[in-house]
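The tour below starts with packing and then moves to strand pairing.

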Amino acid sequence: MEASTIHHRLDLVVQLVDTTTGVTVEEQNVQFFVDDKQCWPISRGGGNFVFINTGRRDNTLTIKVSGYEDVTIDVVYDKLDSVMPLKQVFLIPSEKLAKGEHLCSLTGTLQGLEEIEAVSLSKSNLSFSEFNEKKCLLKLFLARGRLSMENVHYGLISENGSHYEHFEVAEELPPNTVKLKEPLKETFTVNSPIARVIFGSVSPDGSYLLRVRDDADNLKYLVCYRINGEERFQIVDFHQCRENELQTEV
């Protein structure tokens, strides 16, 4: 009798992250839909779900997590690592299901809006030291604690606070150095602050949602949004978010 061999291939890893905190989501009440058909990936803990032997076909993935807004993303394999196809999904907490936590939201509708995100102007624990363009290494000043940049998306804020450059961390290299996925495009001064990027959502009709946790006296954020291919920045005080809306002109 010939021995049979069963092959298992890892086709996708989805990591769920709370975009307001940067912490992985441990909630187990999660539903996945690939192209509107429900599927059941395997939970591996730490907010990670793995798809085994499901095929590597580009698709639309909808995720419903208790306590968070539903999210739909495009899975494009050409943009993922061929060995470890990891897709981080940043979830926005739901106001309806918030567990005694206070949230502040920026909402509205803006025709032509494509993306929206933000960085805090008051919660930075990191700042710019120097950048080695050839090696793509960013050296940091750390105000306190130890370096931990597991959430790969950060913003390097300009000296006058008018804009920031979004960068992704590929690897942490002690002491207090990270390797970036792509070189920085701009030149920054020493001690320019660095803050984690918080992602919002945009619907096809231009309606948007950007939400943060009401956990500080100062809730001023530098919002970056792309409209008709043009990148814009605006400072928003989330304690007065009802008085704010995205500017249609610069």
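Contact here means heavy atoms within 4.5 Å. By that test, and leaving aside neighbours within four places in sequence, leucine 16 is in contact with Thr24, Val25, Val30, Gly47, Phe49, Ile63, Val65, Val89 and Leu91. This is a predicted model: local features need pLDDT of at least 70, side-chain atom pairs count only at pLDDT 80 or more, and totals for chains, interfaces and linings use all residues. Residues are numbered from 1 along each chain as its sequence is written, and side-chain values use heavy atoms, with hydrogens and water left out.

Now the cores. A nonpolar core is a set of buried Ala, Val, Leu, Ile, Met, Phe, Trp, Tyr and Cys residues joined through side-chain atoms within 4.5 Å. Buried means under 20% relative accessible area (1.4 Å probe, protein chains only). The largest such core has 20 residues, and Val14, Leu16, Phe32 and Ile63 touch the most other members. At least two residues each come from β1 (10-18), β2 (30-34), β5 (48-52), β6 (59-65), β7 (71-75) and β8 (86-91). Strands are DSSP runs (E, at least two residues), numbered from the N terminus. Apart from this core lies another, of 18 residues, including Ile116, Ile198, Val236 and Phe238.

Turn to strand β13 (residues 153-157). 5 of its 5 residues are buried, so the rest of the structure largely encloses β13. His153, Gly155 and Ile157 cover one side; Tyr154 and Leu156 are on the other.

Two strands pair if DSSP finds at least two bridges between them. β13 pairs with β14 (residues 164-173) in the antiparallel sense over 5 bridges. Tyrosine 154 has phenylalanine 167 as its bridge partner there. β13 also pairs with β16 (residues 193-199), again antiparallel, over 3 bridges. Here glycine 155 stands opposite alanine 195.

Key: Buried means under 20% relative accessible area, exposed over 50%, partly exposed in between (1.4 Å probe, protein chains only). Helices (H or I, at least four residues) and strands (E, at least two) are DSSP runs, numbered from the N terminus.
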